[in-house]
Amino acid sequence: QVQLVESGGGLVQAGGSLRLSCAASGRTFSSYNMAWFRQAPGKERDFVAAISWSGGRIVYADSVKGRFTISRDNAKNTVYLQMNNLKPEDTAVYYCAGGFYNPVLYYSFTPEDEYNYWGQGTQVTVSS
């Protein structure tokens, strides 16, 4: 069982930056692919970014490429999302997700069903 707790959300002006953190419980964090998703009001939850268990593979949604950076520190059981040049359309609840890595499977990283565990979410609001 893995528990994920997000932090770092808040209110920021357009063009500003925020850094989200997701702390994971358990001793097997380094065996999990990790991702960030977001859900804006009235919309479905969308993929934002993902990082493989080793950090060797990273995928971003087109809407955040060049502005957001995902990283992980396996020694601290934490995954991060650095968000720069924020836009009002980035306003959403941001969710951290973790999926156990099986070396015999291929992962595209974007589907929600590749992830077994989810955090409670943290609100990010970008004002214009």
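Which element provides the largest share of the lining of the largest pocket? In this predicted model, that share comes from β5, which contributes 3 residues.

**View 1. The largest pocket and its lining residues.** The pocket has a volume of about 160 Å³, and the elements that give two or more residues to its lining are β4 and β5. Of the 15 residues that line the pocket, Arg38, Ala40, Lys43, Asp46 and Glu89 lie nearest its centre. Sorted by class, the lining holds 6 nonpolar, 3 polar and 6 charged residues.

**View 2. A network of salt bridges linking Arg38, Arg67 and Asp90.** The side chain of Arg38 meets that of Asp90 in a salt bridge at 2.9 Å, N to O, and this pair joins strand β4 to the loop between β8 and β9, 52 residues apart. Arg67 also forms a salt bridge with Asp90, at 2.7 Å, N to O; Arg67 lies in the loop between β6 and β7, so this pair ties together parts that are 23 residues apart in sequence. Asp90 counts as buried at 0% relative accessibility, Arg67 is buried at 9%, and Arg38 is buried at 12%.

**View 3. The salt bridge between Glu112 and Arg45.** These two side chains meet at 3.0 Å, N to O, with Glu112 in the loop between β9 and β10 and Arg45 in strand β5, so that parts 67 residues apart in sequence are tied together. Glu112 counts as partly exposed at 30% relative accessibility, and Arg45 counts as partly exposed at 25%.

**View 4. Leu81 within the largest nonpolar core.** Leu81 is among the members of this 36-residue core that touch the most other members, as are Trp36 and Tyr94. Not counting residues up to four places away in sequence, Leu81 touches residues including Leu20, Trp36, Val48, Phe68, Ile70 and Tyr94.

Key
Residues numbered from 1 in each chain as written. Predicted model: local features only at pLDDT ≥ 70, side-chain atom pairs only at ≥ 80, totals over all residues. Heavy atoms only, no water. Core = buried A, V, L, I, M, F, W, Y, C linked by side-chain atoms within 4.5 Å. Buried < 20%, exposed > 50% of the residue type's maximum accessible area, 1.4 Å probe, protein only. Contact = heavy atoms within 4.5 Å. 1 Å grid on protein atoms, 1.4 Å probe; cavity = no way out; pocket = protein on both sides within 12 Å on 5 of 7 lines; lining within 4 Å. Points joined across faces, edges and corners; volume = space filled by probe spheres on them. Helix = DSSP H or I, 4+ residues; strand = E, 2+ residues; numbered from the N terminus. Nonpolar A, V, L, I, M, F, W, Y, C, P; charged D, E, K, R; others polar. Salt bridge = Lys/Arg side-chain N within 4 Å of Asp/Glu carboxyl O.
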